[in-house]
Amino acid sequence: MKVLKSACLLFSLFTCLNVISQTDEASLKKIYAQSLTNGKSYDWLNHLSNQIGSRLSGSLGAEKAVAYTKEELGKLGLDKVWLQPVMVPRWVRGAREFAFIETVPGKTNSVNICALGGSVATPALGLKAHVVEVKNFKELESLGREQIAGKIVFYNRPMQADLIETFNAYGGCVDQRYQGAVEASKYGAVGVIVRSMNLRLDDLPHTGSMTYEGVSVENRIPSAAISTNDANLLSTMLQLDNNIKFYFKQSCKQLKDVQSYNVIGEITGSEFPDEYMIVGGHLDSWDLGDGSHDDGAGVVQSMDVLRLLKESGIKPKRSIRVVLFMNKENGLRGGKKYAEEAKQKGENHVFALESDAGGFTPRGFSFDCNNASFNQVLSWQPLFKPYLIHYFEKGRSGADVGPLKTETNVLAGLRPDSQRYFDHHHASNDTFDAINKRELELGAATMTALVYLFDKYGIN
Ligand SMILES: [Zn+2]
């Protein structure tokens, strides 16, 4: 009798589990089908990229993107849509940069550069000086003021090609771009040229943020990125003759902060409206391309998460918000502002997911959370198998959602295939033609599926 009873119990437990997973399987199927047959992400991105274009903080493009995404969210029948004011820095590139290598007076080779975001201009007539090539800050230090003062420092450490996760290769190099001017100015350098953060050889310079932290205004030196082909050219020419000179001219400027906004939409939860789950990307972009991958893709995918939930007939128990953050690229003011207000209002953010790694084929997610929550995620892995989503690792989430971190909540980042991302990242070819519709839609569906599961089962 006892054996029979426990067998019965086991059977009902089994059927119960089976019912749950069958419902989840069906829900995920619906979500993916909706995204692939009735998705909106691609159309939204087409408008954002081709009608609005680049969206650097404080620019007209950024202002238009705020108005457009608010209007589109307004059409989705969400419970609330609003703008959250935030002051943002405004840096402008000015006239197109110009640069050449001079072997002997009058004999020059033009090279492709672009000012780094936040850099000061060169003098109006440009800047010409001898060049010192280094691979890292240690090498810079060992050369010292004697060999650096009055020269242009050329940082030329390439991204490491044998790292499969290209974000790790980026992380291993980006100190040259971000911190390069601070370090070089300690030894009296007059300018900085940085090899573009790009794994392939081409002619496109890649911009990105840099800092002058701790450097007095009069000691700030102009900094630019050079294309990988031209970095190799410059390096070769220096090996042949280290007496060559480099000339560059840029007229960028830091203007006064301006008013901008995060764009937010919400489906209010049916059971736990005070528990917030957010999905987001950043609305601003660099100015050279139109920011289709970085991060137009994340913006439209996040918008579509709320729409896909609705279209799939899912009524979330918790409040689900889409947050389109302003000013990730050169200040992170939007992300900080959102977290600050959430804290002031005592809003409990149990979950936050960011898509900011391009619109390529999704592979999975990385999670910044405790072990209990991570094990919960791992138990859902089989549900994602039909969609070839297999990457579930602990790691970073996203820069904009990072400030929401608590001891118990779950922060996550969508992890698309990263092999082509740095071909486009912060360069003039980050454009809509580099987006594949299905890849973008699979990303939106994958995000929606994770939100659905966390909403349904809660946070462990
Ligand atoms: Zn980004």
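**Close-up views of the contact between two domains**

**View 1. A salt bridge joins aspartate 423 and arginine 200.** The side chains of these two residues, aspartate 423 and arginine 200, meet at 3.7 Å, N to O, where a salt bridge is a side-chain nitrogen of Lys or Arg within 4 Å of a carboxyl oxygen of Asp or Glu. By this rule, 2 salt bridges are found across the interface of domain 1 and domain 2. The model is a predicted one, in which local features need pLDDT of at least 70 and side-chain atom pairs count only at pLDDT 80 or more, while totals for chains, interfaces and linings use all residues. Residues are numbered from 1 along each chain as its sequence is written, and side-chain values use heavy atoms, with hydrogens and water left out.

**View 2. The two domains of the protein.** The domain assignment, which is automatic or taken from a database, gives domain 1 as 28-91 + 256-457 and domain 2 as 94-251. Taken over C-alpha atoms, the centres of domain 1 and domain 2 are separated by 33 Å.

**View 3. The surface buried between domain 1 and domain 2.** About 1700 Å² is buried between domain 1 and domain 2, with 58% of it on carbon and sulfur atoms; buried area is the accessible area (1.4 Å probe) that two parts lose on being put together, summed over both. On the side of domain 1, Trp91, Phe422 and Asp423 lose the most area to domain 2, and together they make up 36% of what that side buries.

**View 4. Residues in contact.** Contact, meaning heavy atoms within 4.5 Å, links 19 residues of domain 1 with 23 residues of domain 2.
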